[in-house]
Structures are given as structure tokens and as C-alpha cells.
Amino acid sequence: MTTHPQVIDGLGATPSIGSPRTRVEGEDKVSGKARYAGDVQVERLAHGAVVTATVARGRISGIDDRATLASPGVIGVIDHRNALRLNKETGSPFFGPDGQLQLLQDDRVSHGGQPVALVVAETPEQARAGAELLRVSCVEEPHDIAFGPNHQAVRPALTAFGPDADKGDLEAELAASAVVVDERYMTPAQHACAMEPHTATVWQEGVVLRAIDSNQAPYGVAATLATLFGKPLPEVRVQCEQVGGGFGSKTGVGPQLILATMAAVLLDRPVRVALTREEVFLTTSARPRTDQRVRLGADAGGRLRAIGHEATFEISGKAEFIENCVEIAKTLYAADAIRTRLSVVPLDILPVASVRAPGTAPGSFALESAMDELAERLEMDPLELRRRNEPETGPVSGLPFTSRRFQLCLTEGARRFGWAGRDHRPRRTRQGRLLVGTGMAGTSFLTTAFPSSATITAEPDGTFTVAIAAIDIGTGARTALRAIAADALGVGWDSVHLKIGDSAIGPAWQSGGSLGTTSWGWAIVAAARDLLARLESGPALPVSVTSDTTEEIMSRPHRERHSYSAVFAEVTVDPATGEVRVRRLVGRFAVGRVVNPLMVRSQLTGGMVMGLSIALQEEIVHDEASGRHVNADFADYHFAANADVPFIDADFVDDHEPDDPLGLKGPGEIGTVAVAAAIANAVWHATGKRQRELPIRLDRVIED
Amino acid sequence: MKEFAYSRANGVREALVMVAEQENGRFLGGGTNLVDLMKRGVEAPDLLVDVRSLPLAGVREDDDGDVVIGATTTNSDAAAHPEVRRRYPALSQAVLAGASGQLRNVATVAGNLLQRTRCAFFADLSTACNKRVPGSGCAALAGVHHNHAILGTSPSCVATNPSDMAVSLMLFDAVVHYETLDGEGEIPLSRFYRPVGDTPHVETALPAGALITSVRLPRATAGERSRYRKVRERASYAFATVSVAADLEVRAGRVHEVRIALGGVASHPWRARIAEEELRGGPAVPERFRAAAEAELAAARALPHNGYKVTLARNLIQSVLTEIAG
């Protein structure tokens, strides 16, 4: 074996983990060379345009496609009358059959914006023109999108992410508490808003269905697609070289891929379906609305006796989902009694799914706002309140923590922010017409690794080819995995070739749950270990080894494994106009060993911007009368613009996960989580008025 | 999107003839609003006559000392012009508060005056909208209207005009100059936008087929202290919730001259003449500013979800006048 130590980006080549290396595909991206799913050239490519339902509930009574079929360039129309029949059992291991996948299977319309037809033509423009000529008649039925915890259809959520917590006697502890908080918090539906609209290019190559698709999980998507279309997995291959963000919205088989596959098979042509921005909003899943009740009870010294967290969220009648708002309540603080409940209300909406820290983002807003309210009633520093409730073992599970660095995050964050000396009473600082306030919040975020496989080949030239069905959705996974492989093989960066983004490589976890790098990194470490052992006997090269981590991961002891953060915010409020602006955000994160500080910091900073948007701007607006999503574009669905983003200081505290071979935890989503509560708490500190409903719109803040 | 023809005119008269000869022809400026609406099918012209190469760009001072902004001047150029910034700062501030740098670099001044409402139902062909299809109804009345109008509305329409620029032009009593095949004409901005009534689809008093050639800012209305403040849900790239353009001259503690225009509250930029009248000659104090604003807003008709705009408009008028009064 040879090593090739040399300077890359001014850095030594080994060790690679810990080096702030820029993205390996960075130059391709900024120069336009990087190829996304819509950039791939395919001969005889046809283009599909989606037709969506304009009613929220009803039955398609007729489709007149004569004008469409006569329109220039139109090749065909696919709707429920001629669509391929799909396997109705297809779904996810967590949530069961997913009715959202059953596109064009019958005449039912169950949410506004549901795809009801695909028009395929020689060019995208001709497809769109043909789609506009399609006349779809619907018999409209009364719809129900009125969400609330007292809805008559409310029922318990699935428990695939663990049972409700029922530790101690909540009511008795509340009754015995010196101070009690009992408040209701509400969060709206939010969308992932990935920059790259979902796009798929599909063609048949012999018996094999080939797809280039924007997704977060090439292997998982291929497996689901195979099940959905009744094909053996080896006859489905899904690739994706570059993906322009996912944030949860590309973890499953998207409508673009289902519709393009149907068209490619039925019309025997390569077909591309690129969703428009509006279609991304209308046809790819959002985070559900939540309505949460948090009850906290503490003794006069601030020791928690009771944590009650009951969360209700909306789902579609077509698919189950768990927005696990109560995850943090089970693990972040010690309390004598902890009781959690998760309920769902099925409505006539697009099925909901994972969006940017599912569960924890809305859940932490409720719990960490309530903690601030408790500190207020205790007349205590909210930071100190969190110091006094540090658990020694899992508060509900009783299991040991692997590496719990929450207090370190609080301490380091407070120091960097300048928290000490804060007057904890509200409405004490005025600067001109502005009120100024500060607030903080913290969170945990579940971390683990999921089974994956990797193949490493020792090449005759002394280099190594690492293949894993990972995917880089813009986070820098490609760069991180190459560093992990170089270190695992004990070679320089240049000696590693990395192949990702191809389902044919073998089973691998998705870029989801903040667990891509932990899951894939482990598999690469395992394969490197096995390959190096194999090379000791001096075999003829090339030689390949494939390793799977299922057994190692499943044999780990049961323990509480979490990332942690503490977030501090300073805001200004103009009480005359209700405008809230964020001046400063500081986040300290315990996310295990950091593979690449440049990229992880960037990801956490981006996550905090998302948290800021969730606090102040993001909100899917449904028109109650029509049942439809009315702000389905970037002009009307607001998130932070550059001008809204202040100085953000995101950094790590020293951390190492002992149950991971590389010491890793997932740093992906935690950046988003505690920000909304920190900002809401700062708005209270500025104004004296609690904000229990997101986003903190100006009409909720304005004073008479 | 319907197919359409595109032509580039080399002279104003040629442009006017081109549009006159086509039943459904439209002038194309920056296209930042028209083209979006064409993509959605809300606008469906058969012909676009591109007027950007006509000699209508640029800002100049005329013989009377008025500032004349050519119709195809970009929003960016209008905002950056030294005379605009010096004499009409509220106009420069308003333009810069709108859209994004990229959009302002292509959007024209005339196009800005003619931009359509951002009401979601106006842009959605599958819903009722009297502005888009006269007589079809108004989905906003019983639907989403969080950001809709509170002044000058009718049962036919509660949409707002989204322009920032036009609010400040209203403040300065700007005059719109146009040309038709019959010759030149002008309309004060105060009469440019038509009341909603039961014809919300008729938005301006511009004659059919007319091409706006310039917008004139009278020398007499210049206001070096004038200000524009825009309230919105994020710091950039959002339409106004409510905006205020104002100018105020205080002499010996009393209001000598005052002008106030509001954005985001009506189907057109709203000149707050009742408030102005209330203030003139009176003490220049915040309580009076607030009372005058309340007088103006007494006629406000709020819907179930936009009542906060009444409070906001009042507070904003008070805040901006207080700021100018120093």
C-alpha cells in the first residue's frame, strides 16, 4: 500500500477526519457543472407535466383529453383510467401502507393539489400546454381541514417510535408542586422548501427500470419503487449524483418518480417529470400542524416534579405518520412524574411527513417555552432552571446516557452570548422605538446508526474504491465519507475514490434522521477493517470486501444516545408595528466527534436559519373555504431572507459518542430545533407578552 | 401558458400602432409581473410589444424644475438618481423597499404603476375573482384575507395594490404622462387609479391602448424630510403589510404642511387626506398624529382576519410622523 501525503486546500492530507476541507464537488456546483436529476441527457426523452386537483375532496366524474391529445407534441395522457396498477401494501416499516404512493389509482380526490393526471409530450413546454388543456371534472364533496385537539376524529398516534411515557403520578405531582405551568402551544404546517424541485428521469433498459431521481435514499427509494410496481429489486436501479436539498421531503418515493415511471413504462419512452415550485408545495409532504398542552410542576427551588406533554397533530386519512413532539419530554429533564401523549386528527390534507427535525422542532417550541414560563413564575434564571433538572439516567427509560453534554452546551453558550447579569424581568430594555429582549432554549436530539453495507476495493495502483449507496443532498456527505474512508484505511485523501448515489451498490440508510454519516461511516469503517485484514495475506489485486453493519449495530447495548444544544437569542420588537427582528443567535452543540468542522458548522448555521424562519415566518396557509393551500410559492410562503439573518455563532463543544466506532453523532437537524423557543422566549423578555403560537407574526405582537 | 407573438418597437408611435392593430396586445416592460401572470394563465395576451428599447429611460429635470422619470427607467435607476434621493427621498426609499435587487434592476417605473394585486385568488384560475373574471365573485371575502384591504373596498373586491413606489408617488402628487394614437395626455396619480366599486377589473383611468411615457414629480411637492416606512413579515423580499410615506413640516411646534400616503390598505395607494386636514395648523405632537390617523381610519372596513391592519396603519402613521417631527 502507498500513501500520498500532500496538501489539499492548504491542509495536510492525513488525518482526514477533523480537517475543515471544502466540498469536493464545490467547484462543480459553483461553475454549473454539477448534474442534478433534471440535468442528465437521455436520448428520446419525453417530458411529463402534472395536472393537480382543484378541489380538496371529491370524485373525478370525467376527463376530457381531446384537446390535450390534439395539442402539438403531446404523446399521451395518463390518469386513473389507464394508469399502471400499484401494490397497495407499499409503505414504510414505521408507518405501514402509504396511500400517498397510490397515484392515479382511482377516481377519488382526497386533498387539494392531488395529482390527477400526467400529460407527456416531446418538450416540457408542450407538456405544460397540453396539461392546461386537460378538462378534469370533479363532483366536489364537503372537506374537513379544521384541525384542533377536540376534533371528533382525534385518536392516539402510532407508537412505532416508542410508547407514551407514564412515569409516576402526574396529577399528584402537579397538585403537590409549588409552581405550575399549564399552557397550550400551536405550530402551523411547514414545508421543507428544498431549493431543487423534485425531479425524476426514468427509462427502461431491458428489464431494468432506471431512474435518476432527487431523493435522500437511493437504496430505500429503489426498494419501495420495486415493491410499488411489483418488480424484483435487481430490476430497479435508482441513482442521484447531486441533490439540491431534501430536509425530509425526498426520503420516500416522490410523486415525480411514480409518475415518470408510469409514463416511461406505458409510453415506452424515457420520461422526465420535474415538479414546479407550486407542485412541490402541493404534492410533497409538509410538517403537520400541532396543538400541544404542556404541564410543568416544580418545587419552589425549581426542581421539576411533573412534566406533562400532550401533543396532537394532523395527518391525512391516507397514511400514518408520527410527529414525535414529545421525544424531548422523555429525556431532557429529570422529574418525578413524566407523562406524554401523542394524538392524531385525520383530515382531508396531503399526507404529512418528516420536515426538518420532525417532532423535535415543534415539540421543543412547546416544552422549552413552558420551561421559560416556569422560570418566570419561579422568578428564576431560565438557564439556572435547566441546570437544576439534569437527570443522571434516562428520566423515563432509566437507561444510562452514553455522552450527555447538555450542561456544557448551556455553559459555553451562555458564556459566548454574555448571558450572565441578564435582568430576567421582561420589558426592561428600550432602544428608541424598539424593545430588546434575550431568550434561551435547549434540546436533545436522538442519535443512532442504521444498518448499511459498504464495499471497498483495493486497486492494483494502491488506491481504494469505496462504494456505498449513500447520497449527498448538499450537506457534504461525499467529502465527509471520503475523509472517514481515508482514515479508516490509513491512507491519504487522494488514495480514496468514492462511489455513492446508486441503489445498485447495496443496502444503506438514507440521508435522514441526521443519521447518514453515522450509518454510512460505520459501514465504511467495517469494510475497511475487513479489507485490511484480508490484505494481510497479500492477495492479488484488485480485491473487494463488502461489509454490513446490521449485526454490530443491533448488538449495541440499550442506552440513551442524544446530541444536545443550547441556543441563545437576542431580538428587537417594535411594539407599534409588531415587527420582530433577530439581532444575534448563538448555538452550542454537542454532536459527537466532528468529521468536518467547516461543513458541520455550515449545516448547523443553516439549521439555525431554518429555526429562525420557523419562529417568525413559516406557515402553510390553507383556505378553509376551498380546503386548498393558497401560499404555494416562494413569494407568499415566507422564510428568512438574507436581511433577516443576523450574526449567527454556531460552534461545538467537545463530545464523543462511545457507542459509535468513530465517536459520531448526527449533527444534521439539531441546529433547527431549539431556535423557535429561544426566539419566542426573547420576544416575551422584550415585551412581557407570551407567544404560544407560531409563527410570531406581527399581528400577534402589535400593541394597541 | 398561451402562445403569443413578441415584437420590439423602435418608436413610441410604432409601439402604439402595434398594440392597436392586435386585439389583445400588451406592452412589455421588465415583465416581472406580467410574465409571471402569463405563466399562470391570468394574463393571456396574443402579442407583447417590448418597449424597453424606446427612448423612454432616464431621469431629467424639466424647464419648471419638475423631475421627470422616463417610463422605462428601471426601478433601481429611479431610486439611485441623485435628484430623486435629494428631493424625494421617500420615493427612493419606497423603491428600494420593494422586491429584490434583481427584480428592481429589470422592473420599469411604468410597469410598477401597472402591476396587479398579489391576492392569491386573483392568481388562481380555479377560484372566483371579480378582478380576473368580472361577476365571478370574490373568494377572499370568506377565504384567506389576512393581508387584504381595509379602506375603499367594496363587496366586489378587497385586494390591495402591492406597489411601494406608487405610495410615494402619491405622496408627491406625481403626474402620469402617456401617449395614444390621438396624442399626448396626462393624469394626476390621484385620479390614475379607479375606485373599486363593482368594477374591480378596471384598475386605472389610462385610455385603452395608451403607453405611459413618463412620471413627473412636481417641484412644489419635493420633501427632503419625507420618509417611507414599510412593515412586513420579513426584512426583505415581501410585500407591505402596511406602509406609510409621509412628509411633514413643523413651524413653531405646529404642523405647517403635511402629506401622508398609505400602502397595503387599499386597491390603490391611499392618500390620507382626512388625516392631513386634521393635522394642518395643529400641534405637531404624537397624540395628534394618532388622533388624525384614527380619523382617517374611521372609514376602515376590516374583515375577520385583517383587523390588525387598522391598528397597524394608525400606529405607523403616528410613528413615522413622530420620527420626522424629531
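The points below concern a predicted model with chains A and B, taken in turn from confidence to annotation, interface and backbone.

1. On confidence, chain A has a mean pLDDT of 96, with 98% of its residues at 70 or more. The exception to keep in mind is the stretch of residues 1-13 of chain A, where the pLDDT is below 50, although this stretch still has 29 contacts in the model beyond near neighbours in sequence.

2. For chain B, the UniProt annotation "domain: FAD-binding PCMH-type" covers residues 1-222, a span that is 27% helix and 17% strand and whose end C-alpha atoms lie 43 Å apart.

3. Turning to the interface, chain A and chain B bury about 2,500 Å² between them, and 52% of that area is on carbon and sulfur atoms. On the side of chain A, His638(A), Leu698(A) and Asp704(A) supply 19% of the area buried against chain B, which is more than any other three residues. By contact, the interface takes 31 residues from chain A and 33 residues from chain B.

4. Across the interface, 15 residue pairs are in polar contact, with both residues at pLDDT 80 or more. Strand S28 (579-590) and strand S29 (622-623) of chain A each supply at least two residues of the side that touches chain B, and the residues of that side divide into 12 nonpolar, five polar and 14 charged.

5. The peptide bond from Leu541(A) to Pro542(A) is cis, with omega near 0 degrees, and Pro542(A) sits in the loop between helix H12 (516-535) and strand S26 (543-548). A cis peptide bond also joins Leu694(A) and Pro695(A), with omega about -10 degrees; Pro695(A) is placed in the segment after helix H16 (675-687). Finally, Arg44(A), although not a glycine, has a positive phi of about 60 degrees, and this residue lies in the loop between helix H1 (26-30) and strand S1 (46-52).

How values were computed
Residues numbered from 1 in each chain as written. Chains lettered and ligands numbered in written order. Predicted model: local features only at pLDDT ≥ 70, side-chain atom pairs only at ≥ 80, totals over all residues. Heavy atoms only, no water. UniProt positions renumbered as here; feature names shortened; annotations may be inferred. Helix = DSSP H or I, 4+ residues; strand = E, 2+ residues; numbered from the N terminus. Contact = heavy atoms within 4.5 Å. Buried area = accessible area lost by both parts, 1.4 Å probe. Polar contact = N/O pair within 3.5 Å; in protein donor to acceptor, adjacent residues only side chain to side chain. Nonpolar A, V, L, I, M, F, W, Y, C, P; charged D, E, K, R; others polar. pLDDT = per-residue confidence, 0-100.
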